[in-house]
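Please look through the sequence and the model shown below before reading on. This briefing then takes up its parts by topic.

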Amino acid sequence: MSETFQFTLKATDGKARLGEISMPRGTIRTPAFMPVGTVGTVKAMYLDQVREGGADIILGNTYHLMLRPGAERVARLGGLHELIRWPEPILTDSGGFQVMSLSGLRKLDEQGVTFKSHVDGSLHHMSPERSIEIQGLLDSDIQMQLDECVALPAEPKEIERAMELSLRWAERCKIAFGNQPGKAMFGIVQGGDQPALRIRSAEGLKQLDLKGYAVGGLAVGEPQHVMLDMLNITLPVLPTEKPRYLMGVGTPDDIIKSVARGIDMFDCVMPTRSGRHGLAFTRKGKVNIRNAKHAEDVRPLDEQSSCPATRDYSRAYLHHLVRSNEALGGMLLSWNNLSYYQELMQGIRKAIAEGRFEDFMAETQEAWARGDD
Ligand SMILES: CNc1nc2c(CC[C@H]3O[C@H](OC)[C@H](OC)[C@@H](OC)[C@@H]3OC)c3nc(N)[nH]c(=O)c3cc2[nH]1
């Protein structure tokens, strides 16, 4: 742990990086997968399981929490860590993305966004300053700038407008965040699928000398090769001594290919949301436990796993639970999936440390391709 936010690059293997972020509330081993804790809970999981499964940090969602229970109320209750009993680091998104995707967006202008709550229809205005204030009230350790993320495909002019606005908002967020040594405010690179705009966004954010940089505006409907191309363009512009966070990504295949290009941090609802819908991630690829072929299969998902959900329950039982829409089905598969994602991150970190990341990547992708027997 460290009294200030410290990123240490421990090893590299090609463009893949092994690192550590030390903060007052704990140390984050990178490359890191950050489980999504939307409204103060990693859905269907106890946070002890999330920690034991290998997570060093979880996410909180500014948009949801500001609407319910309310940022000032969370502050009165001692902050998010106290409320949810997670003393380690928490990263919160700024809310911009959720406003665009979840709420009745009423207005977006230089000042910020005005929207109607999807909870009770009440009207809210969120400026860059208010987003940072809310994240402060939540006592968030890593705070994201307010930005405008454009879904792809989009007109280059529209992508440019949103990217320039986000750059101006980044500066306002940096001023609003001020000097908080034990915390960090990350900028978010925008620019869609336009190389020149990506470079301009990354260069502009680099001038602000922030503690970390997210790559946003991806995993919003574009094919994987477009996402990877944008990483190839963006990452060389960003400072190597600062962490890079690819927002909303992704599948195990997305993650391993993005680590190969220099990403340090990931978040995605994939392991938890798909777990609740009966999809299991394993060393041998995906298993759709709803499929009738599992109805009398007494094998567990993976007898070699250290995760009880993966090792101790038959596919037949998991199949029954999911088909019966029993809560335990989603709980066990979420547990399995988060454990597999953390096992993958642990394998990635070990491979980079030993200088054999390329081999690890090939072996892992081959095992996924061979599939589950
Ligand atoms: C899926 N592709 C995806 N997700 C992007 C998120 C949201 C991440 C957000 O995605 C869920 O919110 C909806 C999660 O809650 C369910 C949030 O966790 C708390 C998570 O916050 C980091 C982006 N957020 C911002 N601020 N800017 C982005 O450009 C951006 C791009 C994304 N692509």
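This is a predicted model: local features need pLDDT of at least 70, side-chain atom pairs count only at pLDDT 80 or more; totals for chains, interfaces and linings use all residues.

Which residues does the UniProt annotation "domain: tRNA-guanine(15) transglycosylase-like" cover? According to that annotation, which comes from an unreviewed entry, the domain covers residues 15-368.

**The annotated stretch**

- Eight strands make up an open sheet with parallel pairing, and their order is β4-β14-β13-β12-β11-β10-β6-β5.
- At the edges of this sheet stand β4 (32-35) and β5 (58-61), each of which pairs on one side only.
- From one strand to the next, the twist averages 25°.
- Within the sheet, strand β6 (residues 90-93) pairs with strand β10 (residues 142-144) in the parallel sense over two bridges, and Leu91 has Ile142 in β10 as its bridge partner.
- As a general point, strands of a sheet pair through backbone hydrogen bonds, and the pairing is either parallel or antiparallel.

**The sheet of three strands**
- Another open sheet has three strands in the order β7-β8-β9, and here the pairing is antiparallel.
- Because β7 (104-109) and β9 (123-126) stand at the edges and each has a single partner strand, one side of each is left without a neighbour in the sheet.
- Neighbouring strands of this sheet are turned against each other by 15° on average, with direction ignored.
- β7 is joined to strand β8 (residues 112-116) by five bridges, and the two strands run antiparallel; the bridge partner of Leu108 is Val113 in β8.
- Helix α7 lies across β7 and β8, and runs at about 75° to β7.

**The helices α6 and α7**
- In general, two packed helices are described by the angle between their axes and the distance between those axes.
- The axes of helix α6 (residues 128-137) and helix α7 (residues 156-177) come within 8 Å of each other and cross at roughly 45°, which means that α6 is oblique to α7.
- The crossing of α6 and α7 is right-handed.
- On the α6 side, the contact involves Pro128, Glu129 and Ile132, and these residues meet Trp169, Arg172, Cys173, Ala176 and Phe177 in α7.

Conventions:
Residues are numbered from 1 along each chain as its sequence is written. Side-chain values use heavy atoms; hydrogens and water are left out. Axes are lines fitted to C-alpha atoms, for helices over the stretch in contact, and angles run from 0 to 180 degrees between N-to-C directions. Helices (H or I, at least four residues) and strands (E, at least two) are DSSP runs, numbered from the N terminus. Angles under 35 degrees count as roughly parallel, over 145 as roughly antiparallel, 65 to 115 as roughly perpendicular and the rest as oblique. A crossing is left-handed if the near helix is turned anticlockwise from the far one by less than a right angle, and right-handed if clockwise. Contact means heavy atoms within 4.5 Å. Two strands pair if DSSP finds at least two bridges between them. UniProt positions are given in the numbering used here, feature names are shortened, and annotations may be inferred rather than shown by experiment.
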